[in-house]
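Welcome, and please have a look at the model below. We will walk through it together, one part at a time.

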Amino acid sequence: MGEPGKHRILMVSDFFYPNFGGVENHIYYLSQCLIKEGHKVVVMTHAYQNRSGVRYMTNGLKVYYVPWKPFLMQNTLPTFFGTLSITRTILIREKISLVHGHQAFSTLCHEALMHARTMGYKVVFTDHSLYGFSDVGSIHMNKVLQFTLADVTQAICVSHTSKENTVLRSGLPPEKVYVIPNAVDTAMFTPAPERLSRDEIVIVVLSRLVYRKGADLLVEVIPEVCKRHPNVRFIVGGDGPKRVRLEEMREKHSLQDRVDMLGAVPHAKVRSVLITGHIFLNRCETFKCYCVQPTTYNNNNNNNNKPSIFPHSEVWGGSLTEAFCIAILEAASCGLLTVSTRVGGVPEVLPDDMVVLAAPDPTTMVHAITRAIYMLPKIDPQDMHNRMKKLYSWPDVARRTEIVYNRALKCSNPPLLDRLSRYLTCGTWAGKIFCLVMIVNFLLWRLLQLWKPDKDIEVVPDIQLPKSQHEETPFGSRPEKSL
């Protein structure tokens with residue numbers, strides 16, 4: 001790990017394995033690719049039930065499950081200073097050179113980035129979601145994000161829409177924000193060995209059955225589609241509070257034989273569900289917010305080594321929920337034609353001939369599904385899979401993330417007084433509160449150094465795995481060992 005150009009990275013988020021989701025998969029696959037490039041990667045997350053302490057995953061990926069229990073939506077209780085000691089210990093023990101936090105509503109992420117900047121570490125933040133500006137929850141979240149990003153070294157967003165949303169919410173200079181999309185493990189998500197018959201059209205829905213994911217929209221769309229197309233059948237995978245509404249809809253319209261409710265589907269079985277269908281239906285409800293619509297806009301995924309700057313822009317009212325939908329990539333990699341609502345960063349994900357976009361209302365969605373059914377004879381699942389291999393790959397995401405790391409490490413480290421001036425710009429009262437928090441955090445760090453000097457914290461040795469193990473271990477497997 002002493003090789004020049006190689007980094008020692010701490011990934012921090014409340015969301016990680018054994019929990020499954022877009023953020024969890026992003027951290028896991030990015031870490032695996034960075035390890036294969038020769039970097040040292042350590043993950044810090046909170047404890048999950050009886051999973052606490054240190055564990056090792058595939059290719060020696062080390063995970064610290066710190067003994068903090070989640071209290072709401074897998075988030076730990078905000079303590080401001082409670083995680084300072086353990087964060088400092090991990091940073092010193094693992095000889096970390098850079099901290100990479102993930103997800104705007106991860107409490108652990110915000111606190112770890114704050115502590116890392118106090119100790120002089122370079123930090124990178126990746127935002128995976130979009131938020132509004134008018135509701136109470138978004139207003140508070142945006143202020144927290146403004147506090148964290150006031151002193152962040154570099155930031156990453158997963159789509160251009162996400163970048164514009166993040167810059168507006170946080171006040172971060174656009175030149176410090178990079179766009180690096182998510183990817184898909186095409187080796188895991190492959191098409192069915194034989195092409196499916198089109199005598200019966202199967203539409204697959206896989207997502208959490210909640211309002212934000214458009215479950216209410218689905219309740220109105222399914223009966224109308226079944227009425228217009230007698231040969232269509234739906235497979236709905238996922239669980240959530242809106243499942244009751246779907247069950248009631250199925251009973252009301254007597255669609256028990258045409259709508260299969262699978263319940264929660266483990267990620268390992270997602271591919272087996274996808275390959276049974278012809279069309280993947282992705283739908284998201286909307287909320288009112290404001291975003292920047294650039295007048296000059298470059299959507300070239302191969303030109304994101306330089307930041308995307310939008311100096312000439314106008315503000316417009318829009319509806320956003322998805323920053324980047326990995327489920328669409330998984331479905332396309334399995335050869336399914338996608339029908340999706342035109343919200344957030346979804347229009348940036350796939351080429352026009354691989355997706356049918358529609359406004360988030362029932363009538364438009366029904367028309368989009370009808371159009372997709374007529375497009376099916378032109379769809380070649382294997383050709384779609386081969387195109388996805390070229391469009392999205394985790395090694396490419398890792399290489400582009402390395403560029404951000406290199407630029408972050410070249411940035412200067414300003415003294416405390418200069419850093420405090422950044423927090424003062426966060427608001428008349430909020431700025432002063434943020435400055436007070438950072439001053440207290442700095443004093444507590446100095447006290448910790450006196451109580452337990454850095455030299456008294458034991459540095460752990462690195463586990464050197466044989467090169468063959470790095471090459472042979474598939475991404476899809478997640479073996480782990482506990483320590």
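Which residue with a positive phi follows helix 1? That residue is Gly38, and its phi is near 100°. Helices here are DSSP runs of H or I with at least four residues, strands are DSSP runs of E with at least two, and both are numbered from the N terminus.

Before going further, a word on the source: this is a predicted model, in which local features need pLDDT of at least 70, side-chain atom pairs count only at pLDDT 80 or more, and totals for chains, interfaces and linings use all residues. Residues are numbered from 1 along each chain as its sequence is written, and side-chain values use heavy atoms, with hydrogens and water left out.

Now for the overall picture. The protein has 15 helices and 19 strands. It has 483 residues, of which 55% count as buried (under 20% relative accessible area, with exposed meaning over 50% and partly exposed in between; 1.4 Å probe, protein chains only). Contact means heavy atoms within 4.5 Å. Among contacts between residues at least 6 apart in sequence, 77% join residues at least 24 apart.

Back to helix 1, which covers residues 22–36. Its expected span is 1.5 Å times one less than its number of residues.

The largest nonpolar core has 99 residues, and Phe16, Ile222 and Leu274 touch the most other members. Helix 1 gives the most to this core, with eight residues. Such a core is a set of buried Ala, Val, Leu, Ile, Met, Phe, Trp, Tyr and Cys residues joined through side-chain atoms within 4.5 Å. Leaving aside residues up to four places away in sequence, Phe16 touches residues including Ile27, Tyr28, Val43 and Leu61.

Helix 10 (residues 362–375) reaches 20 Å from its first C-alpha to its last. Its buried residues include Met365, Val366, Ile369 and Ile373. The buried residues of helix 10 pack against several elements, among them helix 6 (215–228), strand 12 (232–237) and strand 17 (337–341).

The protein exposes about 20900 Å², and carbon and sulfur atoms supply 56% of it; accessible areas come from the Shrake-Rupley method with a 1.4 Å probe, and for residues only the protein chains shown count as cover. Leu72 lies in strand 5 (residues 70–72).
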